[in-house]
Every structure is written in C-alpha cells, then in structure tokens.
Amino acid sequence: MPSSRYDIPFYASLLEACSSTKNLRSLKRIHALTLKLGISSHDYIRAKLVSSYACCAQLHQANLLFSFATRQPTFLFNTLIRAHSSLNLFVQSLHIFRQMLLAHKPIDRQTLPPVLKSCAALSALRLGRQVHGAVLVNGFASDLANSNALITMYAKCGDLVSARKVFDEMPLKNEISWSALMAGYGMHGIFGEVFLLFDRMAEVGERPDGVTFTTVLTACSHGGLTEKGKEYFEMMEREFGVRPVLEHYTCMVDMLGRAGRVEEAEKLILGMKMKPDEALWSALLGACRIHGKVEVAERVEEKLCGRSMRVAAA
C-alpha cells in the first residue's frame, strides 16, 4: 500500500489519542498500520510512537524505537525521562537525562520537573542543587512546575531552608506549592509550620484541595493531634467544598488508630458514603492488634473475609 504525505498527520493524531487514553491495544493496531503503510520510520510518526508507548508504560518498546530514531528532539527525551520517573524508575530517568546532556540537546520547561522528582526520590541533594542551577540559568525560576518540583526535592532531601527560600521567592504560587512545603515540614516533624502555612494559605485566598488536606491530616496523625485532625476533616467540605475521598478516610483511621480510638475509627468507616477498600479495613485491623481491641478486630476480619470471598466468586 503506497504511503501518502496526508497519512502522516492523520496517524500522528491517532497516536496522540492513544497517548491521552493510554490505550495499548489501539496503539499496537495503529503501529501495525504505520508499518504496512511504510510511514513508521518517518521522524514525526516515530516520535509519536515513542511518546505513545512511553505513555502506555511500555518502556522497553519506547526505548527501542527511540534508539532507532535518526532525530531525537528534546520533547522525546522529555517523554522518556517523565515516563521512567512516573513509574518510579528514578535511576533510569536520570540516566536518560545525562544522555540528553551528552547529546547537547537543549532543555525546556518540561525537562527538569521529572528530573527533580527523581533526585527527590533518590535523596540526591547534590545533583538536585545542580539541577536548580539549570533551572535558574535557563530562566525557568518563575515557572510553577519547576519551582514546585524544587520545593519537593529540597523538602524530601531534608533541606527545608532551601525549600522555604524557593517558596518565598515565587512570584506566583498555587495549591501545589503550599502543599509541597507543608508536606516537607510534616515529613520532618515540624507540625506547627504545617498548620501556620495552612492558615496563611486560607488568608491569601488560595483554596486548599484534596492533596492539601491529605498533607494536613497526615501531619495531625503523625503528631498525635487527634482533635485537631478531626477539626480539619470536618471543615473540608463544610468550609472549602472538598469532599473527602478514601485517602482522607485512611488518614483519619490511621490517626484514630494510633490514638487507640478504634471504635471511633470503625464508626467512621461504617458511616462513609463510599465503599471502604481493603487497605482501609487493614489499617483498622492493624490498630486493633496494637491496642488489643479483640471485638473490633473480629468484626473487621469478618468484613475482610467476606470481601475476599466476593472477589474470589467474581
């Protein structure tokens, strides 16, 4: 079947759709059609194929196609760096970034946030500081995604002074910026700063989201501040219109469980508007065992056994 220049944008748009929907089955079918049409080696199509396979978490295929590409533009490197980082393959993500630098490819605004995420996960503070230098040199200091990634990197690496400095110097902040710094303080047991930041966030008119409340509830749990945690949980929907999801209920069960208030945690789960998952029941069961709450533990085990039997039957 002869190829046509009109096939290129059409199949590129189909591959773009596969990327956004993460539809691997359709991707393989379209890839086969590009081979049949003889357009799979076209630079633009190959780039879209690499990007689509990476988005579908098929990294072996993405890396293989990338190695065959005659042109390896910045956005392709970005795609592979981001894909590996999102799958917690942080060492590989940084290796691709080094390959990009050795190939003298220019970096753009999308390059460094996943690199900083990998530095944070590996506690690679020295490399993170070098990447911070690249953020400044390339003029990305005012870019929200880069600044937020810097806050998270410094916070996870234990350099809260630098995390706060980045935060304070940001001309614009969003809920991610506030939550990232709160999470950093919470991670290192500085719970007072978490609550001060939450209050200041509300004062400046920035609305906390679900992630913000997860951060605050986690701080309350780890700090043993049960009553304060209950206050934040109750204000979520009432004051900010944030409906609690499973993650927030899990924080509450963990917090009540740590305090030995397992009957209260059980009552909270039973009053939920959504179906509790196994992780939630398991968190409660763990608290029952720690505090010797046999009766509650027996009820929880019945729930877990019943759930397992339903899954097996299905």
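**Entry 1: charges and overall build**

I began with the charges. The protein has 37 positive and 30 negative charges, and their mean positions lie 10 Å apart. I note here that this is a predicted model.

Next I looked up the secondary structure. I found 18 helices and zero strands. I then took the box that holds the C-alpha atoms. Along the principal axes it is roughly 70 × 55 × 30 Å.

How much of the protein is buried? I looked at its 314 residues, and 46% count as buried. The accessible surface comes to about 16400 Å². Carbon and sulfur atoms hold 56% of that surface.

I also checked the contacts along the chain. I took those between residues at least 6 apart in sequence. Of these, 59% join residues at least 24 apart.

**Entry 2: domains**

I looked up the domain assignment. It gives domain 1 as 7–70 and domain 2 as 72–171. Their C-alpha centres are 26 Å apart. On the domain 1 side, 12 residues are in contact with 10 residues of domain 2.

I moved to helix 1, which covers residues 7–21 and holds S19. Is S19 buried or exposed? Its relative accessible area is 8%, so S19 is buried, the cut-off being under 20%. I then listed its contacts, leaving aside neighbours within four places in sequence. S19 is in contact with S51, S52 and C55.

N23 came next. I found N23 in the loop between helix 1 and helix 2, the latter being 24–37. N23 has 31% relative accessibility and therefore counts as partly exposed, since that class lies between 20% and 50%. What does N23 touch beyond four places in sequence? I found C18 and C56.

I also took one distance from N23. S52 is 29 residues away from N23 in sequence. In space, the two are 9.0 Å apart, C-alpha to C-alpha. S52 had already turned up among the contacts of S19.

**Entry 3: H31**

I stayed in domain 1, 7–70, and went on to helix 2, where H31 is found. H31 shows 10% relative accessibility, so it counts as buried, again by the cut-off of under 20%. Which residues does H31 contact, neighbours within four places left aside? I noted L49, Y53, Q61 and L65.

Last, I looked at the backbone. Most residues other than glycine have a negative phi.

H104 is not a glycine, yet its phi is positive, about 60°. Where does H104 lie? I found H104 in the loop between helix 6 (90–102) and helix 7 (112–121). H104 has a relative accessible area of 70%, so it is exposed, the cut-off being over 50%.

S123 is the other. Its phi is near 55°, a positive value in a residue other than glycine. S123 also sits in a loop, between helix 7 and helix 8 (125–137).

Methods
Residues numbered from 1 in each chain as written. Predicted model: local features only at pLDDT ≥ 70, side-chain atom pairs only at ≥ 80, totals over all residues. Heavy atoms only, no water. Helix = DSSP H or I, 4+ residues; strand = E, 2+ residues; numbered from the N terminus. Buried < 20%, exposed > 50% of the residue type's maximum accessible area, 1.4 Å probe, protein only. Contact = heavy atoms within 4.5 Å. Areas by Shrake-Rupley, 256 points an atom, 1.4 Å probe, with all protein chains shown as cover. Lys, Arg positive; Asp, Glu negative; His and termini not counted. Charge placed at Lys NZ, Arg CZ, Asp CG, Glu CD. Domains from an automatic or database assignment.
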